[in-house]
Amino acid sequence: MQNSEPGPSPGAAPPSCGPTRGRGRPRAFDRDAALTQAMHVFWRKGFAATAISELTAAMGIGSPSLYAAFGSKEGLYTEALRHYRERYGAHVWGNFDAAPTARAAVESLLMDTAAALTQVCAPEAPRGCMVTLSAVGGEGHADLGACVRAARALGFERVVARLSRAAAEGEFGAAVDLPALARFVMTVQGGMSLQARDGASRAELEAVARLTMAGWDARVVA
């Protein structure tokens, strides 16, 4: 589940990806709870396939309140992405950040991803990663697509930074291609998200993580 976007990650998203300020008088609904429901709808259906009527029904508000609070459907989607990262990021990246070695960090990332993608952390949530599975950039919404790409890039940059630190500490040899290794890790994680959406279990995804780490041990040698 891509990070960041999550506990906050290094890097910055484009200005258009920031939260949308509400307009008008204070609203009487629970904004955070409504945003969670909107996030679930977008996560499950994607941006283009989600109608305003579906969002308002899930959020328990009328369309005037939605527009007053979030400005537009696009504004609501960008806030839902931010909300997703803040709500679920720590489940995937917390142990990665605390691990003493790059190997332990990557193993934690993949094992925790297996749990998070299969609803262990949030049984009510859809399966898979909202950021990884988003196709909004290919649906004619360039600004939203840039937000999603930036979120995905943060995870890659986070892994590259951890691997660079490990190389400086002598955990593995200088011949290791750090960007390629980081991209391999993120490719595995992204594939796990697709498998989870199609019904793969936590145990099945953990088997993928263990096989990945066996490959790490065979190829990444100090």
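Arginine 82 and glutamate 79 are three residues apart in helix α4 (residues 73-98), so about one helical turn separates them. Their side chains meet in a salt bridge, with N to O at 2.7 Å. A salt bridge here is a side-chain nitrogen of Lys or Arg within 4 Å of a carboxyl oxygen of Asp or Glu. Both arginine 82 and glutamate 79 are buried. Buried means under 20% relative accessible area, exposed means over 50%, and partly exposed lies in between (1.4 Å probe, protein chains only). The pair also belongs to a network of salt bridges that links Arg31, Glu79, Arg82 and Glu86.

This is a predicted model: local features need pLDDT of at least 70, side-chain atom pairs count only at pLDDT 80 or more, and totals for chains, interfaces and linings use all residues. Residues are numbered from 1 along each chain as its sequence is written, and side-chain values use heavy atoms, with hydrogens and water left out.

**The whole chain**

The protein chain has nine helices and zero strands. Helices (H or I, at least four residues) and strands (E, at least two) are DSSP runs, numbered from the N terminus. Of the 222 residues in the chain, 46% are buried. Contact means heavy atoms within 4.5 Å. Take the contacts with a separation of 6 or more: residues 24 or more positions apart account for 75% of them. The chain exposes about 10100 Å², and carbon and sulfur atoms supply 55% of that area. Such areas come from the Shrake-Rupley method with a 1.4 Å probe; for residues, only the protein chains shown count as cover.

**Salt bridges**

A search of the whole structure finds nine salt bridges. The table includes three of them.

| Residue pair | Closest N and O atoms |
|---|---|
| arginine 165 and glutamate 169 | 3.4 Å |
| glutamate 206 and arginine 202 | 2.9 Å |

Glutamate 206 and arginine 202 are four residues apart in helix α9 (residues 202-219), so about one helical turn separates them. Glutamate 206 counts as buried because its relative accessibility is 15%. Arginine 202, at 37%, counts as partly exposed. Arginine 165 is partly exposed too, at 42% relative accessibility.

**Helix α8**

Helix α8 (residues 178-197) has 20 residues, and at 1.5 Å a residue it should span 28 Å; its end C-alpha atoms are 29 Å apart, which agrees. The expected span is 1.5 Å times one less than the number of residues. The buried residues of α8 include Leu178, Leu181, Val185, Met192 and Ala196. Among the elements that cover the buried residues are α4, α7 and α9. At the start of α8, a side-chain oxygen of aspartate 177 reaches to within 3.1 Å of the backbone nitrogen of alanine 180. Just after α8, glycine 199 takes a positive phi of about 110°.

**Two single residues**

Histidine 40 sits in helix α1 (residues 31-45). It counts as buried because its relative accessibility is 6%. Leaving aside neighbours within four places in sequence, histidine 40 is in contact with Tyr88, Glu124, Ala125 and Pro126.

Aspartate 143 lies in helix α7 (residues 142-168). Its relative accessibility is 54%, so aspartate 143 counts as exposed. The C-alpha atoms of aspartate 143 and threonine 78 are separated by 9.7 Å, although these residues are 65 apart along the chain.

Notes. Polar contact = N/O pair within 3.5 Å; in protein donor to acceptor, adjacent residues only side chain to side chain.
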